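The exercises below ask you to read a protein model at the level of helices, strands and side chains. Try each task with the structure open before you turn to the worked solution.

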Amino acid sequence: MNDKVFFLSKVKVLSELTLQELTELAEDFEWAEYPKDTEIIRQGQLKQRFSVLISGKAKAQVLKKNNAVIQVESFIPGDFFGDIGIITGRPANASVITTEDCSVLTIAPKNFNNMLLRWPKLYMTFLDNLSTELSIVRDDLWAARQKEFLRAGLQFNQFENKFYGIWGSRKTTKEVENRLAQLSRTKEHLLLIGERGTGRQMIAWYLHKQQFSDTAPFIVIDGQQFDQQWGDLPYKTKGPEQTTANFRNSSVLEIAEGGTLFIREINLLSPRAQLHLAEALQSEVSPCRIVGSLKAEPEMLSERLIPQLQECFTQTYKIAPLRERKRDIPVLVEGFLKKLALRNNRNAPELNHEATKLLLGHDYRQGNVTELIQVIERAFFLTDGDVIRLEHIFFGPTAEKTKRSINMLSWSLLEKLIKKGVLPLWPQHIMGFSLIASIFWQLLAPSSAIAGFMCLVVWSLWWPTLTVLSPPFGRFWCAICPVSYVMERAQKILHLDRPVPDFLKKYNYLFFTVLFLFVFWIEFITGMRFNPVYTGLWLLAIVGTAVIIGIIYTRHTWCRHLCPLGAFVGMASIGGMVEVRSDPAVCLNKCTTYECYRGTKNIMGCPLSMHAPYVDNNLDCKLCLRCARNCPNGSVKFNFRVPAQEVWHLVRVNQGFVVFIGVSLATLLPIYYFQTFRSAWPPNEWRLYFSLFYWGTAAIAGAITWLIARPYKTKGASRRIRLFFSFIPLILSGYVVYQLHYLPGINSVLLGLGFKTGEGVVLPFYVSLLAAAQVMAVAFGLAITVFTVIMVLLRSKDKSTSDTQHLS
């Protein structure tokens, strides 16, 4: 096996595969030995194997009808053969014979096809390899072989189900079908004009079907990659006296003879290629119909599309972007879902009202209909039921790769502990039993020393420690949260698994904010920090509410949409030093089962209904690492990164969360102000004025934050949104200052500068550890906030400059 992997890694067309992928592929290869003058492949042979020559030499030769033998190629170690016959399904047009004793690695046709389907990047590698060979081969017979291979390769992914064939509403469908019927009556060359993803290639495909037979070739060439794939071959002259580019003999047009040659982004052909293509089309009758696609009107691309080539296209068809015909979206979605259901032998799911509103509200500037198809296909496979909801819809670009990060799953010991579920499950079990014991002890024996100690741990150790450690380490507490542990145990006994109400998903930031304010308010007016009974009742109320929500609704609805502590920790984790991310290229190209979201038989999927390739911030990631345990492709990474950088890279985030941020900052004022007068005022008077000022400040701050930030004015996080998130370090420092008051004994420790005299030690300057820690917390929070604000402004400026240059 090691020898297989080693030799396969030396094969040029397989060099892009990773060591793990090569190891998987090597299992399908078999060793074979051939003595000298032995036929490996016989001319006319039907069943051929893809073979890689490991040692020795071989040759390819053709036996003509007159019994003449023509050698067309020679092979040395590292070369391969048999691929063309597998793809085309035709008998071998040449024999491969050993000229020395040879060792060969071979693979069956079925496994070869599975290889191309499993690793699509190999398809382009084989195509590029063919194009390179084609540019240097002049023999007519060999050119015919290359032409057949290229046609088969270019058509390899042209299946009937590649396109859905759905145009939109009845009006749109009628217009498109009438236009297709009109265009199919002639073979004049056609320009299709429209944005990326509007369906230009699908239009060309269905026009081709109406005009030609099912066996006629439909060939797609990328204008931007034309010169790279074809080299100088299209520019060979017919003779010393004639300089017209011989596109026909070079097979550029002949590969699509009797069918359609679709040139994607024809304006991206080099000026040289455009000129020679125009000369070829004007000098002789084209053997095929050429359909070119453009992203804008031809007159707007005069610098990129030369006039001589424009004159060759007498017909044009402009396709409107999806955002200009949104009435078509419900019809398109219904058609996509019905065809997906038919292909996968299941019932077609329906979109609920909120999901439909989300689809109608999106601009689809990333890919028009193609973007809509990708969103619907993903939602179809993510949902287990008959309804597609908001949590199944993922828009926009996938998460960018985090720079300057270390994947801690590369540490074998940590990976082993996570994969086996030791982390974070075992600490969660311990915390769950500790929480239950604490509640019972504080309620049943509140006057005992143990109950007092537990109350002290909750308020004076756990809460301050959580406030201090969440900023650097993210939602580590959520990973071991005892409340979610008890909730999951209850779900295993009884779980109605109802969908989350739409209003809760839409306005969860308001629930977070109100519940967070309520918790602090209750703590202040009741003095529960010093009362075990109140503390026990408070913990019991939280656990009971979470259990009820967990029993009724799906997954961890309490954690995602209601938990005030989770909201605070999530806010703190935005700039943290740890993150869970995935490789979007692997997720979107290799994964077809979505275990990170849907889970497996033994391990639940993401409890917060997140899809790994779209996780680009820590706000809604619990660090439970279930995606890492479920992922079969090793895509998920547990990174240690540079802190705070996430804020100025925010794109896809709950923008309404700025209300929580603004209110959290503003309510520090009444908390600090009224804390100083608590012992001086009568209790009832203090509670009344504190409550009025506290809730009034929160309401005013929430309204002002909404008016300034204007969330949801744009789909992506605007500069205003990122600026509000920049104040998180300052807010956290304010809460750290507040919580430090309650650390046991911190005010009794002094820090000072002094000198020793004959009479003893003199301390002319000293401060308490509490004051020093508070100053450090404020200074650190303020410094990080200022730095983050500057980075947000600089990044916004750079992005604006880049967009301006792109438009110009």
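**Exercise 1. Find which residues of α7 are buried, and describe how they are arranged around the helix.**

Solution. Start with accessibility: in α7, the residues Thr-172, Thr-173, Val-176, Leu-180 and Leu-183 are buried, where buried means under 20% relative accessible area, exposed over 50% and partly exposed in between, with a 1.4 Å probe and protein chains only. Next, look down the axis of α7: the buried residues fall within an arc of 100°, so they line one face of the helix, the arc being that of the directions from the helix axis to the C-beta atoms. The face turned away from the buried side of α7 carries the exposed residues Arg-170, Lys-171 and Lys-174.

The model is predicted, and local features need pLDDT of at least 70, side-chain atom pairs count only at pLDDT 80 or more, while totals for chains, interfaces and linings use all residues. Residues are numbered from 1 along each chain as its sequence is written, and side-chain values use heavy atoms, with hydrogens and water left out. Helices (H or I, at least four residues) and strands (E, at least two) are DSSP runs, numbered from the N terminus.

**Exercise 2. Describe the two faces of β15 and its pairing with β9.**

Solution. In a regular strand the side chains alternate between the two faces of the sheet. In β15 the covered face holds Gln-315 and Tyr-317, whereas Thr-316 and Lys-318 are on the uncovered one. β9 and β15 pair in the parallel sense over four bridges, pairing requiring that DSSP finds at least two bridges between the strands, and Leu-190 stands opposite Gln-315 in β15.

**Exercise 3. Classify the ring pairs Phe-50 with Phe-112 and Phe-568 with Tyr-735.**

Solution. The structure holds 49 aromatic pairs; rings of Phe, Tyr and Trp (its six-membered ring) pair if their centres lie within 6.5 Å, and planes under 30 degrees apart count as stacked, over 60 as edge-to-face and the rest as tilted. The rings of Phe-50 and Phe-112 have centres 4.9 Å apart and planes at 40°, so this pair is tilted. The pair links distant parts of the chain, with Phe-50 in strand β3 (residues 50-55) and Phe-112 in helix α4 (residues 109-118), 62 residues apart. Phe-50 is buried at a relative accessible area of 0%, and Phe-112 counts as buried at 0%.

Phe-568 and Tyr-735 form an edge-to-face pair, 5.5 Å centre to centre with 75° between the planes. Phe-568 lies in helix α24 (residues 564-573) and Tyr-735 in helix α32 (residues 728-740), so the pair ties together parts that are 167 residues apart in sequence. Phe-568 has a relative accessible area of 1% and is buried, and Tyr-735 counts as buried at 2%.
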